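Open the model in your viewer and keep the selection tool at hand. The tour goes stop by stop.

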Amino acid sequence: MRVSTETSHFYLDLVFYNYLLKCFVVIDLKTTKLNHQDIGQMDMYVRMFDDLKRGEDDNPTIGLILCADKDETIVQYSVLKESEQLFASKYRTVLPTEEELIAELERERRVNSEN
């Protein structure tokens with residue numbers, strides 16, 4: 001989705017509206033390790049989306065960065081203290097093998113049967 005200001009155009013990877021939370025969710029997809037510039041970019045996207053697109057009855061926009069890898073220290077020090085709606089999550093670039101999936105399912109069954 002393109003978001004424009006008076007002087008620039010910005011292209012967001014994915015934008016959804018969550019009807020239960022009554023807010024927009026902006027998702028940025030990164031194929032590399034998360035860095036502080038990525039977090040600053042998402043913070044800008046969230047603030048722009050809140051100013052330009054959010055309605056009066058909507059809750060604040062949520063920003064989600066999906067990345068190949070992340071460093072918790074970078075995340076901790078790159079997010080502004082008042083920004084409680086920015087999240088970063090690591091994704092897997094390789095699917096697990098059939099054996100790994102079976103082992104994970106068996107582990108989950110054991111955990112659930114113990115509870």
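Which residues form one aromatic cluster? Select Tyr17, Tyr19, Phe24 and Phe49: they form it together.

Before moving on, some ground rules. This is a predicted model, in which local features need pLDDT of at least 70, side-chain atom pairs count only at pLDDT 80 or more, and totals for chains, interfaces and linings use all residues. Residues are numbered from 1 along each chain as its sequence is written, and side-chain values use heavy atoms, with hydrogens and water left out.

**Aromatic pairs**

The whole structure holds 4 aromatic pairs. Rings of Phe, Tyr and Trp (its six-membered ring) pair if their centres lie within 6.5 Å; planes under 30 degrees apart are stacked, over 60 edge-to-face, and the rest tilted.

Select phenylalanine 10 and tyrosine 45. Their pair is edge-to-face, 6.5 Å centre to centre, with 65° between the planes. Phenylalanine 10 lies in strand 2 (residues 9-11) and tyrosine 45 in helix 1, so the pair ties together parts that are 35 residues apart in sequence. Helices (H or I, at least four residues) and strands (E, at least two) are DSSP runs, numbered from the N terminus. Tyrosine 45 is buried, at 6% relative accessible area. Buried means under 20%, exposed over 50%, and partly exposed in between (1.4 Å probe, protein chains only).

Now select tyrosine 17 and phenylalanine 24. This pair is also edge-to-face, at 4.9 Å centre to centre and 75° between the planes. Tyrosine 17 is partly exposed at 23%; phenylalanine 24 is buried at 17%.

**Around aspartate 50**

Go to threonine 61, in the loop between helix 1 (36-52) and strand 5 (62-67). Is threonine 61 buried or exposed? Its relative accessible area is 0%, so threonine 61 is buried. Its side chain makes a polar contact with the side chain of aspartate 50, at 2.5 Å. A polar contact is a pair of N or O atoms within 3.5 Å; within protein, one must be able to donate a hydrogen and the other to accept it, and residues adjacent in sequence count only if both atoms are side-chain atoms.

The term means a side-chain nitrogen of Lys or Arg within 4 Å of a carboxyl oxygen of Asp or Glu. Aspartate 50 is buried at 15%, whereas arginine 54 is partly exposed at 33%.

The structure holds 6 salt bridges. Select arginine 107 and glutamate 108, which form one at 3.0 Å. Salt bridges that share partners also join Asp28, Lys30 and Asp38 into one network.
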